[in-house]
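Take a moment to look at the fold before reading on.

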Amino acid sequence: MIGMMYLVLTAMLALNVSSEILNGFSMVDNSLHKTIESSDIRNKGLYDDFRYLSTQNPAKVHDWLEKAMEVKKRSDEVFNYIQSFKVQLVKLTDKKEANDSALVTQIVAKDNLDKSAEYGITDGNGNILQKKIEDYRDFLVKLSEKNPSKQEMYKSIFSTKKTKDGKSWQIAMFEGMPVSAVVTILTKYQSDVRTSEAEIVQYLKNQTDAMDFRVNKITALVVPNTRYVIRGGRYTAQIVLSAIDSTKTPSYYVGTTALRNGFYEVNCGKTGSFTYTGLIKLPGNDGTIRTYPFKSDYIVGEPSATLSNEDLNVVYRSE
């Protein structure tokens, strides 16, 4: 959307349009404010749900809630700075007639082409704004390190790269731009902050279940300590329920060798104690592959047999 706005602005400025036409930006600005209000309502619901989940299962949710609250703090900081930036720009433009709401519809000198560059470039405030946007973008990218598509989305939304014709972000944003257009674009950034806040908080909320596995099949298993028991010894076995998801097939490995259906077989040509290690791979709910290592051992002994002659089983009675 912001790209389209730049195109419209460029075309309008090339035609040297009147301030009456620039009033059209007030419609866009008003629409963006409604979007921000909707995002605020959604975000409040997300945080309330997060807090409730934390009270129900603090061990599982608390750390993720802490990250979500850091998102709220950082989002509020950049949102409020942009709001302050807009207010100060409007005050510089309209002076005594300025309104603290910084709504485009209330700006008197909507077509002023000088004050945006003065406040943003000459006074250095554009540097501060750019740094805050970049820091916020990098913060979101780091939080979503396991989701490359989200990372690319945040990099695109909060991009401060040079334009195709080589202009810096600040020059393209403020130089020769009417105040009404700059304020509208800044409101768009505020809307992006609230929308991105909702996206990343929902992502963090989903991570509380990312390590869980949904199951649709439960079977009973008997796991004996050994199948061979000497007379007079004790047979021991653990009886457990096995819960699996039949729609996902794990991959089994001993060392680097894949096993078929999880069965491990080896020819025992030598005696002694042997140890083997491996791992099981299974995709989680978020698509990330989880690995579960294991270790076991076995003993190979020499075959043995006992020979006896039943004819020699004679009992003698002593006199």
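This is a predicted model: local features need pLDDT of at least 70, side-chain atom pairs count only at pLDDT 80 or more; totals for chains, interfaces and linings use all residues.

Residues are numbered from 1 along each chain as its sequence is written, and side-chain values use heavy atoms, leaving out hydrogens and water.

Start with the core. In soluble globular proteins, nonpolar side chains tend to be buried together. Here the largest nonpolar core has 46 residues. Such a core is a set of buried Ala, Val, Leu, Ile, Met, Phe, Trp, Tyr and Cys residues joined through side-chain atoms within 4.5 Å. Buried means under 20% relative accessible area (1.4 Å probe, protein chains only). Leu129, Tyr189 and Val201 have the most contacts inside the core. H3, H4 (58-94), H6, H8 (169-174) and H9 (179-207) each supply at least two of its residues. H9 gives the most, with 13. These helices are DSSP runs (H or I, at least four residues), numbered from the N terminus.

Now find Serine 54 in helix H3 (residues 24-56). Is Serine 54 buried or exposed? Serine 54 is buried, because its relative accessible area is 8%. Serine 54 touches Val61, His62 and Leu65 (heavy atoms within 4.5 Å), leaving aside residues up to four places away in sequence.

Last, turn to H6 (residues 125-143) and H7 (residues 148-157). Their axes, lines fitted to C-alpha atoms over the stretch in contact, come within 9 Å and cross at roughly 175°. Angles run from 0 to 180 degrees between N-to-C directions. The two helices are therefore roughly antiparallel, a label for angles over 145 degrees. Arg137, Leu140 and Val141 in H6 meet Gln151, Tyr154 and Lys155 in H7.

Technical notes:
Angles under 35 degrees count as roughly parallel, over 145 as roughly antiparallel, 65 to 115 as roughly perpendicular and the rest as oblique. Buried means under 20% relative accessible area, exposed over 50%, partly exposed in between (1.4 Å probe, protein chains only).
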